[in-house]
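Have the structure open and follow along.

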Amino acid sequence: MMRFLIARSMDVEKAAKMFVQWQKWRDTMVPNGRIDESEIEDELEARKIYLQGLSRNGHSVMIVKGSKHFPAKDQVQFKKYVVYALDKTISSAFQGREIGNEKLIGILDLQQISYKNIDPRGLITGFQFLQAYYPERLAKCYILNMPRFFISVWRMVSRFLEKVTLEKIVIVSNEEERKSMIEEIGEEVLPAEYGGKGKLIALQDAVLPHLDG
């Protein structure tokens, strides 16, 4: 409940309402407690999200490659895929069991994206799910390699984000910001293409012993 209270500025009534809405949504979206990979095969096939382990602060690190994403034809499957990705990413930070304060760091890499990859609806869905159903789970989101033509898209998406969410988003535009990102996350976790020493691990290939074992 503390995450919901923080998200609603310690207003008990608003936090309670948010919690009830989350419960109803969760029962509808994830009736079996988890999304089975057989429900999201088309989305998984793109291999566009990577789960890299934990940052220096113990936050799960998720990388999204925008160039591998295309607007979904099946919105229900896409939403389930977002839930699967967020659930698995957050679960990777559990130390034996969930404490409730586990967070994630997201990296959205826009390198080599084209107009075919642009999906404002998908971006809004992802961030709105984080805001409404995963309160206080986002530690920080880094956006890399944003091309000029994407700026207007991002301005539109930003209108749907809460102030507290926007404050956690860093559009990396210079070497100093890139070094700061590497420092916060850690070289061991980041792949070489982002200045680290790790390897990319596709979301579905990441093994979480407490879930898969």
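Bear in mind that this is a predicted model. Its 5 strands form an open sheet with mixed pairing, and their order is 1-2-3-4-5. Strand 1 (49–54) and strand 5 (169–171) are the edge strands, each pairing on one side only. From one strand to the next, the twist averages 15°.

Now turn to strand 3 and its two partners. On one side, strand 2 (residues 60–65) runs parallel to strand 3 and is joined to it by 6 bridges. Here you can find valine 61 opposite isoleucine 105 of strand 3. Two places to look are leucine 104, which stands opposite leucine 138 in strand 4, and glycine 106, which stands opposite cysteine 141 in strand 4. To get from strand 3 to strand 4, the chain passes through helix 5 (residues 120–133), making a right-handed β-α-β crossover.

How buried is strand 3 (residues 104–109)? Because 6 of its 6 residues are buried, strand 3 is largely enclosed by the rest of the structure. Buried here means under 20% relative accessible area. In a regular strand, side chains alternate between the two faces of the sheet. In strand 3 both faces are covered: Leu104, Gly106 and Leu108 are buried on one side, and Ile105, Ile107 and Asp109 are buried on the other.

Finally, look for helix 8 (residues 175–185), which lies across strand 1, strand 2, strand 3, strand 4 and strand 5. Helix 8 runs at about 140° to strand 4.

How values were computed: Residues are numbered from 1 along each chain as its sequence is written. This is a predicted model: local features need pLDDT of at least 70, side-chain atom pairs count only at pLDDT 80 or more; totals for chains, interfaces and linings use all residues. Side-chain values use heavy atoms; hydrogens and water are left out. Buried means under 20% relative accessible area, exposed over 50%, partly exposed in between (1.4 Å probe, protein chains only). Helices (H or I, at least four residues) and strands (E, at least two) are DSSP runs, numbered from the N terminus. Two strands pair if DSSP finds at least two bridges between them. A crossover is right-handed if, with the strands pointing away from the viewer, the path from the first strand over the helix to the second runs clockwise. Axes are lines fitted to C-alpha atoms, for helices over the stretch in contact, and angles run from 0 to 180 degrees between N-to-C directions. Contact means heavy atoms within 4.5 Å.
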